[in-house]
Number of protein chains: 10
Amino acid sequence: MLPLTMTTKPSKQLETFPNPRPGRDYVIQFDIPEFTCLCPKTGQPDFATFRVQYVPTERCIELKSLKLYMWSFRDEGHFHEDVTNRILDDLVTAAAPKWMELVGDFYVRGGIKTIVTVTHGKR
Amino acid sequence: MLPLTMTTKPSKQLETFPNPRPGRDYVIQFDIPEFTCLCPKTGQPDFATFRVQYVPTERCIELKSLKLYMWSFRDEGHFHEDVTNRILDDLVTAAAPKWMELVGDFYVRGGIKTIVTVTHGKR
Amino acid sequence: MLPLTMTTKPSKQLETFPNPRPGRDYVIQFDIPEFTCLCPKTGQPDFATFRVQYVPTERCIELKSLKLYMWSFRDEGHFHEDVTNRILDDLVTAAAPKWMELVGDFYVRGGIKTIVTVTHGKR
Amino acid sequence: MLPLTMTTKPSKQLETFPNPRPGRDYVIQFDIPEFTCLCPKTGQPDFATFRVQYVPTERCIELKSLKLYMWSFRDEGHFHEDVTNRILDDLVTAAAPKWMELVGDFYVRGGIKTIVTVTHGKR
Amino acid sequence: MLPLTMTTKPSKQLETFPNPRPGRDYVIQFDIPEFTCLCPKTGQPDFATFRVQYVPTERCIELKSLKLYMWSFRDEGHFHEDVTNRILDDLVTAAAPKWMELVGDFYVRGGIKTIVTVTHGKR
Amino acid sequence: MLPLTMTTKPSKQLETFPNPRPGRDYVIQFDIPEFTCLCPKTGQPDFATFRVQYVPTERCIELKSLKLYMWSFRDEGHFHEDVTNRILDDLVTAAAPKWMELVGDFYVRGGIKTIVTVTHGKR
Amino acid sequence: MLPLTMTTKPSKQLETFPNPRPGRDYVIQFDIPEFTCLCPKTGQPDFATFRVQYVPTERCIELKSLKLYMWSFRDEGHFHEDVTNRILDDLVTAAAPKWMELVGDFYVRGGIKTIVTVTHGKR
Amino acid sequence: MLPLTMTTKPSKQLETFPNPRPGRDYVIQFDIPEFTCLCPKTGQPDFATFRVQYVPTERCIELKSLKLYMWSFRDEGHFHEDVTNRILDDLVTAAAPKWMELVGDFYVRGGIKTIVTVTHGKR
Amino acid sequence: MLPLTMTTKPSKQLETFPNPRPGRDYVIQFDIPEFTCLCPKTGQPDFATFRVQYVPTERCIELKSLKLYMWSFRDEGHFHEDVTNRILDDLVTAAAPKWMELVGDFYVRGGIKTIVTVTHGKR
Amino acid sequence: MLPLTMTTKPSKQLETFPNPRPGRDYVIQFDIPEFTCLCPKTGQPDFATFRVQYVPTERCIELKSLKLYMWSFRDEGHFHEDVTNRILDDLVTAAAPKWMELVGDFYVRGGIKTIVTVTHGKR
């Protein structure tokens with residue numbers, strides 16, 4: 001194990017930038033296969049793949065801050081349903097999209113696979 | 001065969017937790033490939049894969065209790081149609097979802113494969 | 001060739017059991033890859049795969065009697081269209097479903113493959 | 001080459017039998033991969049696969065006569081469009097179906113593949 | 001290289017024959033993977049696959065003349081959009097179909113693949 | 001839950017019958033997707049799919065006794081490696097094959113999937 | 001049916017041309033999906049796909065004569081095994097290849113599909 | 001490394017040519033797998049695949065100028081959302097299409113894949 | 001975020017149990033899709049899937065301790081090549097297998113996917 | 001049809017450049033889907049896809065000259081076997097590879113598809 005030099009840090013702070021075409025309805029999609037948090041009951045790691053799709057209004061979600069935001073759950077305990085809703089809420093708060101869909105696809109636990117799909121607004 | 005130390009037990013008691021976003025319509029899906037019960041006519045084992053999809057209202061189904069609940073059928077005798085309906089009823093009673101669909105996909109018996117699809121409420 | 005001891009017998013008698021949830025609209029599907037009868041013109045064996053889907057009302061079709069029922073055609077001569085309609089009629093008579101679809105998918109005869117799809121009621 | 005003993009003969013005579021369930025709307029499908037006729041311009045062989053789908057009224061098309069009927073084109077010259085329409089017409093004349101669709105899928109000629117789709121009545 | 005004996009010749013003359021069933025709406029499809037012309041800017045060869053679908057009225061397109069017609073572009077310079085529209089126009093002029101769709105699928109040029117889809121009439 | 005009438009019983013007794021062609025080297029394969037036992041540490045159910053391949057000498061394994069044998073592990077606690085080796089040993093003891101391979105493919109536990117492959121003799 | 005003008009004729013005469021590179025070992029493959037002959041017992045049509053692969057010595061098989069040769073079986077009665085061997089023999093006689101493999105893949109007859117593979121020489 | 005002789009140059013100048021069939025509604029599609037620009041934050045290369053679909057009015061986009069136009073982004077820094085919108089705007093300004101859709105499919109960055117879909121007008 | 005109750009803990013301590021069949025050469029395979037550690041240069045999370053295959057001698061690797069062992073890398077910084085070799089070393093030290101192969105399949109970093117395959121002993 | 005300005009010309013002159021690593025055995029592959037020549041018997045166009053694989057010695061084949069070389073066959077008449085051997089010979093003469101394989105995959109002619117595989121040297 002090497003000594004760690006952490007040049008970037010996980011952060012709950014989602015950054016946005018001005019939508020380059022605020023008057024146009026268009027769709028931005030992020031596929032995020034690298035997500036891990038902890039089970040709040042056992043403290044054991046959970047893993048998931050997330051997919052975001054949204055139609056921006058005034059602001060777009062900045063990619064690097066999204067990565068650091070997803071990373072920020074690494075040492076936190078969350079139920080599947082809760083963390084999926086919370087991420088949607090945070091993304092909606094940050095970017096106020098016209099429409100957003102978030103799918104959380106979790107790895108098998110206790111022989112059961114869980115997929116949570118949450119939506120904000122209308123497309 | 002080793003002496004058994006049973007640290008968890010099967011249970012018909014489904015546990016729930018408060019829906020983290022009660023006002024939002026969203027979908028939770030569980031894929032459950034590990035289910036076995038007994039044929040009520042012959043006592044021989046039956047195997048099935050179940051898939052649950054539901055829109056919660058006030059309560060969500062807790063994953064570990066769902067695992068123990070599915071386990072609880074292991075030594076019971078049930079017809080395919082009956083056990084699928086019963087599981088739906090128990091899940092509905094426990095979580096009172098707005099909508100729920102349950103698909104029971106049973107292994108071949110007598111050269112015939114059976115798939116039972118039951119629904120509660122409207123999506 | 002060993003001496004045959006027949007412990008179960010083919011039978012046209014379809015058995016049913018009470019629908020465990022008579023007030024609920026739900027779908028039961030049987031996939032039956034093992035069916036053989038005889039060609040009424042040549043006496044040669046015909047083979048088919050059947051798929052039943054139905055919404056029960058008061059009664060459900062019992063799986064073992066369905067197996068023995070399908071077996072009962074083994075030494076009988078039937079045209080493809082006729083036997084598919086007859087099986088649907090017998091299943092409808094036995095279980096009075098709200099809706100039933102039966103697909104008979106027959107093996108190649110004379111270089112031609114035949115698929116017969118019959119329906120009772122509305123889904 | 002062996003001396004030929006022809007026990008069956010090609011025939012334009014399509015035979016039918018009474019629809020076993022005349023009051024029921026249902027679909028009969030034939031897949032016919034073995035068809036050959038001659039090019040009316042060059043006399044060279046053409047090959048095609050045909051697919052018939054129909055809803056019968058009073059009569060059903062008898063399978064063996066259909067095979068002999070398809071065979072009867074073997075030594076005749078036909079354009080792709082003509083033979084597909086003619087087969088539909090003959091099948092309609094013989095069985096008076098409520099609805100029938102015929103697809104003729106011909107092998108490559110001159111580097112070009114031809115598919116002809118003809119329909120009678122409404123489904 | 002052998003001395004060439006050209007027994008057939010490319011030709012812009014599309015031939016037709018009387019539609020064998022003029023009163024019936026049906027679809028004829030041609031798949032034409034062998035097409036080449038020249039780039040009008042560089043003189044270099046272009047390659048494409050064409051697919052024609054049409055509903056004939058009084059006349060059908062004759063297959064061999066279609067082959068010679070497609071061949072006739074071999075030594076001509078055409079832009080992708082232009083040649084696709086021109087072929088549709090010529091086919092429409094020759095056969096006056098009720099509806100026709102032509103798809104020209106061109107090979108990669110400058111790292112870019114071009115697909116042009118043109119339509120005449122309504123299906 | 002219905003009262004159970006058990007007409008057949010699980011059994012560790014594997015039955016065999018005389019190999020109909022003892023002098024010929026040939027391969028028999030069984031695919032067994034329905035296997036469940038218990039985890040000896042937690043008492044929780046484990047699930048696996050087994051595949052047997054063997055070259056018989058004097059005796060062949062009887063199919064129904066194999067089913068009852070696999071069933072006999074249902075209420076016993078076994079590690080994955082142990083139960084796979086034990087099943088191979090029992091099958092070898094019963095049938096003395098020239099060669100046998102057994103693959104045990106277990107469901108995910110703790111996020112890890114286990115596959116155990118054991119062999120007896122040479123093919 | 002149109003009056004036939006046969007401009008080419010089927011022929012058992014296989015033509016060859018000088019191998020353009022007689023000293024080089026290389027492989028020529030023909031895929032021939034259009035073959036039909038008659039069943040010598042019933043006179044009914046049989047259909048097959050043939051694949052030829054060979055290493056030429058002094059002569060190569062001419063493509064058009066191969067087409068006419070395959071056509072020449074159209075009105076002859078042959079068993080599957082016989083016609084496959086005969087075609088190999090004729091091709092070997094005509095071209096004297098160093099190695100040749102012929103695969104005849106016949107359509108289903110009596111519910112059974114037949115594939116015959118014959119070889120001449122060593123590759 | 002060889003000395004570079006640049007015979008063509010990247011250019012923001014999109015060229016068009018007159019639509020060969022201005023009164024006809026038809027669709028032109030470009031698949032552009034070769035696109036690279038720079039990340040405006042880090043200066044590192046980004047890669048994407050673009051797909052353009054449009055219905056032209058008076059002008060069509062010239063293929064080579066499109067290639068040089070896509071090339072012109074090679075040494076520029078752009079956010080994914082911005083460059084996709086800008087390319088759409090430039091294409092719309094150059095050709096004034098009735099309808100245009102542009103999909104930018106970017107490679108993984110920070111473990112996240114981004115897809116941006118923008119549209120102009122109605123199809 | 002819920003307060004964490006950690007009932008199990010990550011651990012570098014690999015546990016083993018006696019090989020149930022020490023004299024038999026057989027293969028045990030573990031597929032481990034859930035692995036994450038940190039990049040030693042940036043401190044950012046890395047993700048990988050590991051596959052272990054080994055032939056045991058006296059000891060077998062216990063599944064739950066393997067899970068906790070893989071978990072123990074979660075907060076450590078490691079290069080891809082290093083961590084793959086280290087895991088192999090630890091597994092070899094713990095179980096002294098006759099042969100072991102470890103494949104580490106890492107997610108894309110800097111647009112590059114890394115797969116590291118290390119082996120101990122001979123199979 | 002536009003007036004043609006031919007900026008590049010087809011050419012039988014294959015150009016090469018020095019192999020950057022003459023002492024190393026490595027494989028270069030070209031896939032060439034755009035090839036057309038004429039049938040020497042009928043003058044009609046033939047189409048093929050070519051695949052070259054080779055291990056260079058002192059010289060490598062220059063890509064643009066290969067394109068112009070393949071183009072140079074466009075107006076020449078060649079048999080399939082001959083043109084495939086000739087292209088191999090020309091490539092071997094130009095680059096003197098240690099090993100080269102050339103596969104010519106020709107479009108269907110007379111219902112028959114031809115694939116010619118020629119090799120030079122040993123790999």
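**Where chains B and C meet**

User: In β2(C), what is the bridge partner of Thr114(B)?
Analyst: Helices (H or I, at least four residues) and strands (E, at least two) here are DSSP runs, numbered from the N terminus. Strand β6 (residues 113-121) of chain B pairs with β2(C) in the antiparallel sense over 5 bridges, where pairing takes at least two DSSP bridges between two strands. In β2(C), the partner of Thr114(B) is Phe30(C).

User: Before we go on, what sort of model is this?
Analyst: Residues are numbered from 1 along each chain as its sequence is written, and chains are lettered from A and ligands numbered from 1 in the order written. Local features need pLDDT of at least 70, side-chain atom pairs count only at pLDDT 80 or more, and totals for chains, interfaces and linings use all residues, as this is a predicted model.

User: Which element gives the most to the side of chain C that touches chain B?
Analyst: Contact means C-beta atoms, placed from the backbone, within 7 Å. By that rule, 17 residues of chain C are in contact with 14 residues of chain B. β2 (27-38) and α1 (63-71) of chain C each supply at least two residues of that side. The most, 8 residues, comes from β2(C).

How values were computed
Two residues are in contact if their C-beta atoms, placed from the backbone, lie within 7 Å.
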